[in-house]
Amino acid sequence: MTTGAQTPRSPARPPRSRLRTFLPLGVAAWLVLEIWLLVMVAGATSGFVVFLLLVAGVVLGSVVIKAAGRRAFRNLTETLNQQQSGIPPEAAARPNSEGNGLMMLGGLLLILPGLISDALGLLMLLPPVQKAVSRYAQRTVERKLRDAGPGTLGDAFRQARMHRPDGKVVQGEVIRDDPDDFPQDPRPPLTR
């Protein structure tokens with residue numbers, strides 16, 4: 001004999017998002033386009049020129065990522081030194097403290113093999129493009145946070161963890177035993 005509510009035989013799956021549907025198709029189309037473009041450039045020039053272009057992209061991307069990482073570390077060190085000396089963060093504004101993440105993204109795009117990714121990586125290194133992408137990302141994050149409603153990030157994680165992979169919600173609570181319930185003496189040695 002069972003108690004409780006009957007579980008449905010076929011639980012309804014949540015609808016698949018548009019991003020999860022079209023992202024694999026977009027990545028596949030991008031890879032095919034990159035390979036096609038490399039083959040066209042190799043046919044127009046030579047395979048050695050394509051190899052040199054790919055190596056130059058890797059070297060330039062590595063240099064860009066290293067420079068952005070050094071700049072981010074220098075900014076972090078300056079911020080920590082200012083906090084230890086008691087200078088308020090508003091008084092010490094740094095004009096070049098932003099854009100490290102976008103520079104690293106540009107370097108990563110340069111490292112990826114392909115001419116389209118190299119062109120996008122070079123575009124990401126231009127300050128006007130960085131500012132436009134930064135403003136767009138900031139507006140998007142602010143809109144998503146506004147739509148999320150009140151609550152903290154911890155509340156969102158707790159809500160996400162309560163759902164099992166099959167969609168069922170597991171209700172429960174944590175019960176902690178008091179430390180007085182456990183014996184404080186060391187355990188006796190095991191004997192045979």
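**Exercise 1. Place Leu60 in the fold: which helix holds it, and is it buried or exposed or in between?**

Helices here are DSSP runs of H or I with at least four residues, and strands are runs of E with at least two, numbered from the N terminus. A quick word on the source: this is a predicted model, where local features need pLDDT of at least 70, side-chain atom pairs count only at pLDDT 80 or more, and totals for chains, interfaces and linings use all residues. Residues are numbered from 1 along each chain as its sequence is written, and side-chain values use heavy atoms, with hydrogens and water left out.

Next, accessibility. Buried means under 20% relative accessible area, exposed means over 50%, and partly exposed is in between (1.4 Å probe, protein chains only). Leu60 has 37% relative accessibility, so it counts as partly exposed.

Now its partners. Leaving out residues up to four places away in sequence, Leu60 touches Leu110 and Leu122; contact means heavy atoms within 4.5 Å. Asp118 is 58 residues away from Leu60 along the chain, yet their C-alpha atoms are separated by 9.8 Å.

**Exercise 2. Describe helix α2: how many residues does it have, and which of them are buried?**

Step one is the length. α2 covers residues 47-85, which is 39 residues. From first C-alpha to last, α2 reaches 57 Å, close to the 57 Å expected at 1.5 Å a residue (the expected span is 1.5 Å times one less than the number of residues).

Step two is the buried set: Val50, Gly57, Gly61, Val64, Ala68, Asn75 and Gln82. Those buried residues pack against α1 (18-44), α3 (100-111) and α4 (115-124).

Step three is what follows: just after α2, Gly86 takes a positive phi of about 90°.

**Exercise 3. Work out how α2 and α3 are arranged: at what angle do they pack?**

Two packed helices are described by the angle between their axes and the distance between the axes. Axes are lines fitted to C-alpha atoms, for helices over the stretch in contact, and angles run from 0 to 180 degrees between N-to-C directions.

For α2 and α3 the angle is about 165°, with the axes 7 Å apart. Under 35 degrees counts as roughly parallel, over 145 as roughly antiparallel, 65 to 115 as roughly perpendicular, and the rest as oblique. α2 and α3 are therefore roughly antiparallel.

Who makes the contact? Among them are Gly57, Leu60 and Gly61 of α2, with Met103, Gly107 and Leu110 on the α3 side.

**Exercise 4. Finish with Leu102: where does it lie, and which residues does it touch?**

Leu102 lies in helix α3. Leu102 is buried, at a relative accessible area of 17%. Not counting residues up to four places away in sequence, it touches Met124, Gln130, Val133 and Ser134. The C-alpha atoms of Leu102 and Met124 are separated by 6.6 Å, with the two residues 22 apart along the chain.
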